[in-house]
Amino acid sequence: MASPALTHFLPRFGVAAAVAGVLSLTGCQNFNAQDTLPPTSGVQPLKGLAQSVSVRRNAMGMPLIESNSFHDALFTLGYVHASDRITQMVTLRLLAQGRLAEMHGADLLDADRYMRAVNLKKSAAELYKASSPRLKRFFEVYARGVNAYLFRYRDKLPADLTATGYKPEYWQPEDSALIFCLLNFSQSTNLPEEISSLVLAQTVTTDKLAWLTPSAPDEKLPAAESEKLQGIKLNGQVPGLAELSKATGQLSDLNLLGATSSNNWAIAPQRSRSGKSLLASDSHGPLGVPSLFSYVQIRAPKYQASGVTIAGLPMVLGGFNGKVAWSMTSVMGDNQDLFLEKIKRQGNGLAYENAGKWQPAIVRNETYFVKGQRSIREAVYETRHGPLLNSAQGTTLANGFGLALQTPNFTDDKTLDAFFDLSRAQSVEKASDASREIRAIALNLVFADASHIGWQVTGRYPNRREGEGLLPSPGWEGRYDWDGYADPMLHPYDQDPAQGWLGTANQRVIPHGYGMQLSNSWAAPERGERLAELAGAGKHDNRSLIAMQYDQTTNFAAKLKKMFEAPGMAQPLKQAMDALPPADRAKAHEAYSRLMAFDGKLGPASTDAAIYELFLQESTRQIFLDELGPQSSPAWKAFVADGKLSYAAQADHLLGREDSPFWDDVRTAQKEDKPAILARSLAAAISAGDSQLGGDHKAWQWGKLHRYEWKNSSGQTVRGPLPAGGDHTTLNTAAFAWGQDFNTTLAPAMRFIVDFGQSEPLMAQNGTGQSGNPASPNYLNSIEPWLKGQYMSLPMQPQSFDNAYGKARLTLTPGK
């Protein structure tokens, strides 16, 4: 989950210039950026409130809502969310609706087509319809609060929103269900991987796909998945694949596909210094401003909760309610599948093959309004599996394969009610009961009360007749169809384990061959391994949990050294290094000796860390670029994108796979093996360092290659660059694109810790700022505490409010 900032694909000057134009307006329009900021003190009447409500803010702008009824608290939450993040809310809604081109022009039309085909609006309607009358009232009241802001500030919206020229529509209750469905869709790690596999299949034969899509270091390659594609000519036979890949890339840049990096863990009383539980949580996103998350605290007579929210959703997604703490990470669940469909023209429409017979595709028409252009009307086709993601190709689909996406339905799904019940739970047992009813999103939920800890996997997972759904399946046979869903009683869970802790870091959480198919697209295991190592060592308090959240030690370095020293590798590698030309030989030996001495600590000032990461980058190019390159090719871009999503072929080859066909460099006459390529990679690491860091090797530092750089929605740098440590394998995540460059692509967007041994258990931190309005003092003011490891206390006891939030308040009163 991560920032909705359109940092990677909006025109770099367009929005920036427009914002500058808005800010420079004078004369009759007399625009003042400060006018876009709602007051933080005084009295403001709002139609829709039953009684007065108080809103106080702490030094970081995080709000405390105090009200005499939950109705008024939800109304105020809507108003506060809009006040802080209206541009984000509008953008997320347009994205979910497939309407971004209305705001940002034709470049986003492919992303819109993709999202219209996915049809989250239908999913949201099912989810909302299945919710209780109580929950619908909550969403209705929240929407009124959002609309109270939109009405009052309709002519004073933030400059970045005004600059687009888009006039936001009023918020509907169903829009919040839509944002929830977008959050669920953002967990679809395997969907972009399946699309990437088709891009790779344009360059390599299908038998090699298994080598590029490993599941875990200790699992066999998914040969059966690539075998199901044997005999199917894919090269040039998927109309619209380039456009679909572009859309996937755009959504990836938004971090809304494969936005799965996160950690959470709970420490049981027996491992706590205070004898009471602790819980920690952090979610990662790109360094866009604002981050996806904001904080809020609600105190009403029958409801209190404090924690992480996403503007547009009237619920606390992770936090503390005075009795129970809860948090969520992505479980990396694979509950969607792509099906290749044989297509032919039938009259004015299309038909698809099913068990040897042709059936007419269902058609729905979509109209796209494009900023600065005429509207476009296109058909979206659907098969029995689901919508064709490449429907925009129209009847030309008859010349190749359609790509149908199947996802779970949300009929009779009570997830939204269950999330609310989770935030009200007064014990781990009640939290567990609520979490078992969450089906519309695949998560690892970890929760704790003072005496107990628990973990529950949520979601809805298909029972596949055959196959694992890792790669696209032939849709015309029926062999790979779904037969209902796994029994929720099979969903993994645990409470109060003997080891004294529970934790997840998107790693594999079930053994291969478990009683249900949960996923085959897990994150690299190192974050989970480091979490286990630290959580299982000694006693803990909030200081040790902060140290864990800021830990920059990788376990992958030790695995790499073990591989270098393995009986079948040590001597051949030495011989391969000695066989290099003299200049490269010296470089290879230098890199090898430094790597063997490396302690795995990826601090920004570390020279050995720089050499280690240079080796990882260069080995990727040495192993794969000859067949998947050049670096500008669609295949290489797809390969690099896959490496950011789950356990990567890059790591898999370094640690094993000596028999992989990719060790041979097809550009040379001889046949290379793994030692030869590793020797080249070691030398190339030093050469790359000389090029990027200069000839003084003692002055090399990881943080000179690897930087934090925050950018706004127009791509402008608003803070940084600053030296960064860590990488994708460290708990303090600072991921980069393996095979591309060292720019930080993911970092913690929020962190919080709940220590039940403290009188005020909850402490929290945001990655950028509470506000998404560039004119706000709370736009970037959370970055400095984030860099320094400083957290804000979010107290639950009224006697602590003045100290945390001050006495200044905005009083919202019923308007006429």
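Predicted model: local features only at pLDDT ≥ 70, side-chain atom pairs only at ≥ 80, totals over all residues.
Q: Which domains does the assignment give?
A: Domain 1 is 49–186, domain 2 is 262–332 + 414–470 + 485–550, domain 3 is 337–406 and domain 4 is 555–723. The bounds come from an automatic or database domain assignment.

Q: How far apart are domain 3 and domain 4?
A: Their C-alpha centres lie 43 Å apart.

Q: Switching to H12. What does it span?
A: Helix H12 covers residues 241–253, 13 residues in total. From first C-alpha to last it reaches 18 Å, close to the 18 Å expected at 1.5 Å a residue. That expectation is 1.5 Å times one less than the number of residues. Helices (H or I, at least four residues) and strands (E, at least two) are DSSP runs, numbered from the N terminus.

Q: Which H12 residues are buried?
A: Leu241, Leu244, Ala247, Thr248, Gln250 and Leu251. Buried means under 20% relative accessible area, exposed over 50%, partly exposed in between (1.4 Å probe, protein chains only).

Q: And what covers them?
A: The cover includes helices H2 (70–97), H4 (109–118) and H9 (190–200), plus strand E15 (401–406).

Q: New topic. How many aromatic pairs are there?
A: The structure holds 27. Rings of Phe, Tyr and Trp (its six-membered ring) pair if their centres lie within 6.5 Å; planes under 30 degrees apart are stacked, over 60 edge-to-face, the rest tilted.

Q: Why does Tyr303 with Phe420 count as stacked?
A: Because the ring centres are 5.6 Å apart and the planes sit at 10°. Tyr303 is in strand E7 (residues 303–309) and Phe420 in helix H13 (residues 415–424), 117 residues apart. Both are buried. Ring pairs also link them with Phe70 and Phe138 into a cluster.

Q: How do Trp702 and Phe742 pair up?
A: Edge-to-face, 5.3 Å centre to centre with 90° between the planes. Trp702 lies in helix H24 (residues 702–705) and Phe742 in the loop between strands E24 (717–723) and E25 (747–755), so the pair ties together parts 40 residues apart in sequence.

Q: Where does the charged end of Arg460 sit?
A: Over the ring of Tyr485, 5.6 Å from its centre. The test is NZ of Lys or CZ of Arg within 6 Å of the ring centre and within 35 degrees of the ring normal.

Conventions: Residues numbered from 1 in each chain as written. Heavy atoms only, no water. Contact = heavy atoms within 4.5 Å.
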